[in-house]
Structure formats: C-alpha cells, structure tokens
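Reader: I would like a close look at one part of this model, and then at how the rest is arranged around it. Please keep the terms defined as you go.

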Amino acid sequence: MNSRIHPGASRINLRRTQFPRLHLLLASTIAFSVMGMMALLPSGDVEAKRNEIPMSIDAFEPNSVKPDNSKKDDFSAPFAGKMVETTQTEADAKDQAKKAYDLEQQLGTWHTVTIRSGDNLSSLFKAQKISSNVVHQITNTPEFGAALTHILPGQSLEFRINSQGTLTQLRYTKSRLESIFFSKTAQGYQAELIALSPQVKTAFASSTIESSLFMASQEAGLSENLTMELANIFGWDIDFVQDIRRGDSFKVIYEENYLDSEKLHDGDILAASFTNQGQTYTAIRFTDSKGNTDYYSPDGKSMKKAFLRSPVDFTRISSRFNPNRLHPVFKTRRPHRGVDYAAPMNTPIKAAGDGRIQFIGWQNGFGNVVYIQHPNNIVTVYAHANKLANFKKGQKVRQGQIIAYVGKTGWATGPHLHYEFRVNGEHRNPVTVKLPDAAPIAKSEMVNFSQLSGLMISQLEKQSGTMLATQ
Ligand SMILES: [Zn+2]
C-alpha cells in the first residue's frame, strides 16, 4: 500500500523549475545528495507524490550529463539507452558533492512556520521578508495557488529562501496526507500536489455488553465514532436506547488508516454482527458497480428501512394514533389518524422516505403541511410546521432531507409534529406499521455480493474463534 512513498520525492519536483541548467545536474546528483538532503528536509517527513519518476533516475550515471541548455527540455534523451555504471572515482564523487552543495546554496535554506489562529498569508510572508508581489504571484499559481488563501491553524508553511532573498520553494503542508510544493519558475511559480495514501489495515473487535454499549465498545478498543457507526448500521432493527440487554454482544471487522506505522484514524466498518436478546443481525458493507455503498444482510437485504420510524427527534409522543379519541381543541370524539411528536419549536422535520412532494403549503387545520408520495402507494403527511423548507410540488426528496420545522400552525395547542402514514389511502399507525425494507442488492450485483459476504462471514467466525482460543 505504501508503494507510492518515495524518499526525497519532493526534491524531484524540481525537474520543471526555473533552473533549467540545474535539471540534469540535479538528476545526476540525487544519488549522492539524497542523504544530505534528507537531513535538510525541514519536517523530516518521507513524502510521496502522485506521479513518481522512474526509479532508474537514482542510479543514473552522472558523468554523461552536461549542463547543456539545448537539452533542458528533453529528459528522456540522456537516460535512454545509457548503461548504468557502478564504479565511481573519488574525484567524481567529490565533484558531485560540490555540485549538490552549490545547488543547495542557490535554493537557500528552509524556514518552517506553523500557522496559528489569526495568521494570514500576507503577514506570514512579510515576516519572511517576502514582498506582497510574490504573495500575489504564488497565490495565482495555476491549479494549487488558491489553496494558500485557505490556510488553517495547525498547518505549516516551509519557506526556502536563498541569499538574494528569493523564495525559491514553498511547501504548504495541509495535513499528514497532503501538501503542496511550489517552486520558482521564470514567470512565477509552479505547484504540485503531494498526496500520501494511508496504509489501510483490517482490524477486528468483539465484546459482550455488561452495562452499556459504549462501555463494551470502549473495552473492545472501538472509538466513539465506530461505536456510533455500529449503532447506525443496526439502528433500523435494534433500538439502542430501549432494547439493549446485558449479555448482548457484537463483532466488528473494520479498517484503520496508518501512515508510517502511526494510526491516523479509523476507516469504515466492513462487516459486523450484533446479537440482541438472542437474535443475531449481520451486516456486510458492499459497494455496487455504480459506486453506491451500503450495508446489507448476508442474503442481500438492505439493513435500512425504506422509512424512518419517526421523522423528527421528539421529546415525547404527545398524542397516539387513536381512531376514537377526544379532540383537544374541539372536545369532541374525533379519530386521531396520526401520531403527535412533541418537540421544541423549529426542530427539523425529515422526509421519512424517498419520494416526491405531493403538496407543500397551507391547509386549514394542518397549518403548514407537507405531503410526500412514496413508491407502493404510500403517502406520509407532516403537519403544523412553523416553517417549510424550500421544496416545490413534484420535486424529488430523499430520506432524511429536511422538509420543514416543528411549529404549532393550524389547529395545534403546542409545538409538535402531526405525522401520518397512509397506505393505499388508509391511515396506519406510524409507530407500529411494518416498514418496508430499502431496496435490496440488485440481481446483477448478487454474484459479487455473495462472494464478499461469504468471505466476511467466515472472517467474523474465524476471528471470534481465535478470540475464544486465546482467552
Ligand atoms: Zn395530531
């Protein structure tokens, strides 16, 4: 995975700089100077870049190179067909060391600055005695110059300034994985993005719940983020507030991203199983040929439902679905054909499922209301909103998109969402209605999925077997 990492790669970026005569010289001295240059690297980081040059350059025979301007743009010629000589005279070596030293002199020395809050580009450059004209030039570097206008605290700038006070190179380190390397040209600057790929490792964790899911996952070494992800994957089948019992257990296969054997952050959960009150649910992460990623049960069903159980984060259910209740405003027997979720004013209301806006606007009684038409003749209704989101009739809406904000418009005594779930025009209890699953794996993807699923399930089983054996 680390195949792109190439020591000294940042130096190799010089190959198209303003110092054309130095190009070949540089190439020839790389073998000698890499060690010395590594010592000069301000960060000491080993960096990689997207377009690596052939490794043969390191072994290139230096004597064949003449600092000849006529060849400055032709890189392939000196390398082509040239046999690599393995012997070097001491004089050659000294000569090369001298050239490398001269080059270092021309490029100047590095000054590293860590960006702090309140810093801006002008002041940082000014502190290095670099004119605002150069700031203008470098921020206008094609492709990457503009990135410098978005510097953030904690990132670093490394200035390379020669004895004439010229900024010859600049490295903007955005993160552990990404930096931009600027080098002076005759016209201005040119830049290259240097991106590192983290090494991805697969990890396994399992635990049995004694008190809470969070305690159990902490013991298993899972981060809070992964625990949340785990709860999200199974949240459609298991209510993690109400349903969790002592003795429930889980197993997780997940990815971790490393750089130089240091862990950067967690990756995705690849597969997991959760046993809740004796029933085991298993989820496999799968990316289909169109690039859509989701979690599926081993038989290819989506882990999600086509509908959210409740389209709002509510504080309590203030009125249940009841075909025969006393209406709070009219004090007469009137059916309550939805469920009322009490929630603070302006709590976002989400579309319960994918569909199209059937109606959005004002209706007597319902106040500000949204109707969404879903597949299979299902309509959901969201009433008494304080504000409506910016949707139009007929527009597509995705599950979880905010369509309105809780209010008490129409016939309502306090802020709440009145939510209805209608199937073929019939009102159903939104709290208990059996929700359809989201779309399963497409038939055309089933062969790929089955292979992955089989592999993951055997991994889950094998890993937990190992765990038992070592206990
Ligand atoms: Zn209601």
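In β4, which residue is the bridge partner of arginine 171?

Author: The bridge partner of arginine 171 in β4 is phenylalanine 181. The model is predicted, so local features are given only at pLDDT of at least 70 and side-chain atom pairs only at pLDDT 80 or more, while totals for chains, interfaces and linings use all residues. Residues are numbered from 1 along each chain as its sequence is written.

Strand β3 (residues 167-175) and strand β4 (residues 178-184) run antiparallel and are joined by 6 bridges. Strands are DSSP runs of E with at least two residues, helices are runs of H or I with at least four, and both are numbered from the N terminus. Two strands pair if DSSP finds at least two bridges between them. β3 and β4 belong to an open sheet of 5 strands, in the order β1-β2-β3-β4-β5, with antiparallel pairing. The edges are β1 (109-114) and β5 (189-195); each has a single partner strand, so one side of each is left without a neighbour in the sheet. On average, neighbouring strands of this sheet are turned by 15° against each other, direction ignored. The axes behind such angles are lines fitted to C-alpha atoms, for helices over the stretch in contact, and angles run from 0 to 180 degrees between N-to-C directions.

Helix α4 (residues 90-107) has 18 residues and spans 26 Å from its first C-alpha to its last, close to the expected 26 Å; the expectation is 1.5 Å times one less than the number of residues. Gln96, Lys99, Ala100 and Leu107 of α4 are buried. They lie on the same side of α4, because they cover an arc of only 100° around the axis, the arc being that of the directions from the helix axis to the C-beta atoms. A residue is buried if 20 or more other C-beta atoms, placed from the backbone, lie within 10 Å of its own, exposed if 12 or fewer do, and partly exposed in between. The face of α4 turned away from its buried side carries exposed residues, including Glu90, Lys94 and Tyr101. Glycine 108, with a positive phi near 90°, follows α4.

The chain as a whole has 9 helices and 23 strands, and 28% of its 471 residues count as buried. A nonpolar core is a set of buried Ala, Val, Leu, Ile, Met, Phe, Trp, Tyr and Cys residues joined through C-beta atoms within 7 Å. In the largest such core, of 27 residues, Val252, Ala272 and Ala283 touch the most other members. At least two residues of this core come from each of α8 (224-234), β7 (249-259), β8 (262-276), β9 (279-287), β10 (293-296) and α9. β8 gives the largest share, 5 residues. Apart from this core lies another, of 26 residues, among them Val312, Ile360, Ala385 and Ala404.

Two loop residues complete the picture. Threonine 347 lies between β14 (339-342) and β15 (348-350), and counts as buried because it has 20 C-beta neighbours inside 10 Å. Beyond four places in sequence, threonine 347 is in contact with Val312, Asp313, Tyr405 and Val406; contact means C-beta atoms, placed from the backbone, within 7 Å. Isoleucine 441 lies in the loop between β23 (426-428) and α9 (446-470), and counts as buried because of its 21 C-beta neighbours inside 10 Å.

Definitions and conventions: Contact = placed C-beta atoms within 7 Å.
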